[in-house]
Amino acid sequence: MALSKDEREQFLAEPHIAALSVSAGIGRGPLTVPIWYQYAPGGEPWVMTAAGSRKAKLIEAAGCFSLMVERTEPTLRYVAVDGTVSRIEPGTEELHAELAHRYLPPERAERFLAYAAAELGEQVVIYLRPQHWISADLRAI
């Protein structure tokens, strides 16, 4: 059973680990990697990645990408969204903190942020303009 617009947006707003997919070029399958993301219903999902990374370069070249999130308990439920890149901006400490605190308990988030500041280098934030949604909740299974 497909989810309603509100149900799929609420589900995407939960802190799942997304699978990000982007075209890797002719003769290659898509690059598909796990990634943290942020989303508020009605807005644009965004991801943060290293500036100049393969992922960032492929997204810039393709101009679009997909995110898919799922859960398996208490029922199999998933949401996939794809669309065009609406903008790419420099990452900020505030946005990095927002992501870290979304996925990690406070003490681990702070340790991660210290590590990120020292080791990860310049980051970019890539915003997705949702254009196509696929969703399901397989309650009957």
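I looked up Asp137 and found it buried, at 4% relative accessible area (buried is under 20%, exposed over 50%, partly exposed in between, with a 1.4 Å probe and protein chains only). The model is predicted, so I note that local features need pLDDT of at least 70 and side-chain atom pairs pLDDT 80 or more, while totals for chains, interfaces and linings use all residues. Residues are numbered from 1 along each chain as its sequence is written, and side-chain values use heavy atoms, without hydrogens and water.

I then checked the partners of Asp137. A salt bridge joins Asp137 to Arg77, with the closest N and O atoms 2.7 Å apart (the rule is a side-chain nitrogen of Lys or Arg within 4 Å of a carboxyl oxygen of Asp or Glu). Asp137 lies in strand S7 (residues 123-138) and Arg77 in strand S6 (residues 76-90), 60 residues apart; strands are DSSP runs of E, at least two residues, and helices runs of H or I, at least four, numbered from the N terminus. Arg77 is buried as well, at 12%. Arg139 also forms a salt bridge with Asp137, at 2.9 Å from N to O, and Arg139 is partly exposed at 48%.

Next I looked at Arg87, which pairs with Glu89 at 3.1 Å between the closest N and O atoms. Arg87 is partly exposed at 35%, and Glu89 at 32%.

Last, I logged the fold: four helices and seven strands, in the order α-β-β-β-β-α-β-β-α-α-β from the N terminus.
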